[in-house]
Amino acid sequence: MPKTSKDYLPKQIKLGHFLIDIQLIDGTVSLNIAEQQGCFVAREQIIYLDKDIMTGQADRAIGLIIHELCHAIYYQYNLGQQSSEEDIVNAMSNGMTELLTRTDLLKYIQHKLKEV
């Protein structure tokens, strides 16, 4: 049986010293309970993603996981209201570079884009 993009989605992603679990949840639950498509929970180091979106259109799926990983980067780099635009952009670019070069995220993105 050929692999699907869901098979390429990492179950965990290491970002700095954090090991973040990636969990797909029922779309009705995420929308009806939290009115969200995804969520990064800093305390437990978990990203919850709407499984319907993650198995659907590439642009929405990729955008959703990157969005939630940006929340993780924001948390890891301790960004806040006192952070300058340059601090935020630098942290995001460093975090995204780490995610794309040191994890399996790029494999998922590449496979997802082939589905288009």
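Is Cys39 buried, partly exposed or exposed? In this predicted model, where local features need pLDDT of at least 70, side-chain atom pairs count only at pLDDT 80 or more, and totals for chains, interfaces and linings use all residues, Cys39 counts as partly exposed at 24% relative accessibility, given that buried means under 20% relative accessible area, exposed over 50% and partly exposed in between, with a 1.4 Å probe and protein chains only. Residues are numbered from 1 along each chain as its sequence is written, and side-chain values use heavy atoms, with hydrogens and water left out.

Cys70, at 23% relative accessibility, is likewise partly exposed. The sulfur of Cys39 has its closest cysteine sulfur in Cys70, but the 15 Å between them is too far for a bond, and with a disulfide taken as a pair of cysteine sulfur atoms within 2.5 Å, the count comes to 0 disulfides.

Turning to the aromatic rings, the whole structure holds 2 aromatic pairs, where rings of Phe, Tyr and Trp (its six-membered ring) pair if their centres lie within 6.5 Å, and planes under 30 degrees apart count as stacked, over 60 as edge-to-face and the rest as tilted. In one of them, Phe18 and Tyr75 have ring centres 5.7 Å apart and planes at 40 degrees, so the pair is tilted. Because Phe18 lies in strand β2 (residues 18–25) and Tyr75 in helix α4 (residues 58–76), this pair ties together parts that are 57 residues apart in sequence; helices (H or I, at least four residues) and strands (E, at least two) are DSSP runs, numbered from the N terminus. Phe18 is buried at 17% relative accessible area, whereas Tyr75 is partly exposed at 40%, and together with Phe40 they form one aromatic cluster.
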